[in-house]
Amino acid sequence: MIILQGIILIASSAIYGGNALSLVSGGYEALNSELGEIITDLGIIMIIPSLYIATKIVGDRPFSSYSSSRGGWNFKLFLKALIIPLIALLIYNAVESAIKGPEGTYHFSILFLIVSIILVPLQCIAEEYVYRGLIMQTFGSWFKIPVVAILLQAILFSVSHGYNSLGLVEIFVSGIVFGFLTWKTNGIEVSSAMHTANNFAISLFVMFGLKSTTSTPLFNDVVMSIIFDIILCAIMYYVGMKTNWFGEIKENPENT
């Protein structure tokens, strides 16, 4: 994975100039630019082929087992689970932006929107494969207590993000929410959908200059975000149980 990430940085530097590396090493403020987001997303997306290659080399289990215990990745479930959080997060960010006013610089373009629609879901799914797939399943096999596995992966998820202490608390709670949904749905599709909705909504508002990503979020913003995440998680779980989204089985459970 490190080799693939290095290739991306070298190629980006050749295309856009030597500022590519310094841009993405400057914290989450880098996500306020097209180049910063593209390089960051591509670097994380490399986790998916890296994990796939690793499973083929080790050969102890199929790659599909990191998606779910329901026969692999269920794309229909992912799309269904994407609707509620995406609408909710667009409304939440719109209200927040209306209250606080514009925080960034307008740099919207159709091309960058298309790139974001492609890259953001893959970036979020890649993170879910690592934390709620590989790491959470590993801890679960060690301790046999779901709560312990959820807490441990959430800790690793939070410390891997370069935020201040308040931001780490917010990411830790997000990790618990994603872990809970993964546990209850026996797969990473729903957590990936909620993760994707969050990141895409932020990306969209950053493009319009209404929001600005930062490594040092403020107390009030963190508290509101945590409350919203917990409420949204409860809604997702309730709707999923009532509609039996989580009981869906992949039609062709072949190893991928």
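Is phenylalanine 139 buried, partly exposed or exposed? Phenylalanine 139 is buried, with a relative accessible area of 14%; buried means under 20%, exposed over 50% and partly exposed in between, with a 1.4 Å probe and protein chains only.

Before I continue, a word on the basis: this is a predicted model, in which local features need pLDDT of at least 70 and side-chain atom pairs count only at pLDDT 80 or more, while totals for chains, interfaces and linings use all residues. Residues are numbered from 1 along each chain as its sequence is written, and side-chain values use heavy atoms, with hydrogens and water left out.

Let me turn to the aromatic rings. Rings of Phe, Tyr and Trp (its six-membered ring) pair if their centres lie within 6.5 Å; planes under 30 degrees apart count as stacked, over 60 as edge-to-face and the rest as tilted. The count comes to 15 aromatic pairs. In one of them, phenylalanine 139 and phenylalanine 143 are tilted, at 6.3 Å centre to centre and 35° between the planes. These two residues are 4 apart in helix H6 (residues 110–143), so about one helical turn separates them; helices are DSSP runs of H or I with at least four residues, numbered from the N terminus. Phenylalanine 143, at 39% relative accessible area, is partly exposed. Elsewhere, Tyr52, Phe63, Trp73, Phe75, Phe78 and Tyr129 form one aromatic cluster.

Finally, charges over rings (NZ of Lys or CZ of Arg within 6 Å of the ring centre and within 35 degrees of the ring normal). Arginine 132 places its charged end over the ring of phenylalanine 157, 4.2 Å from the centre.
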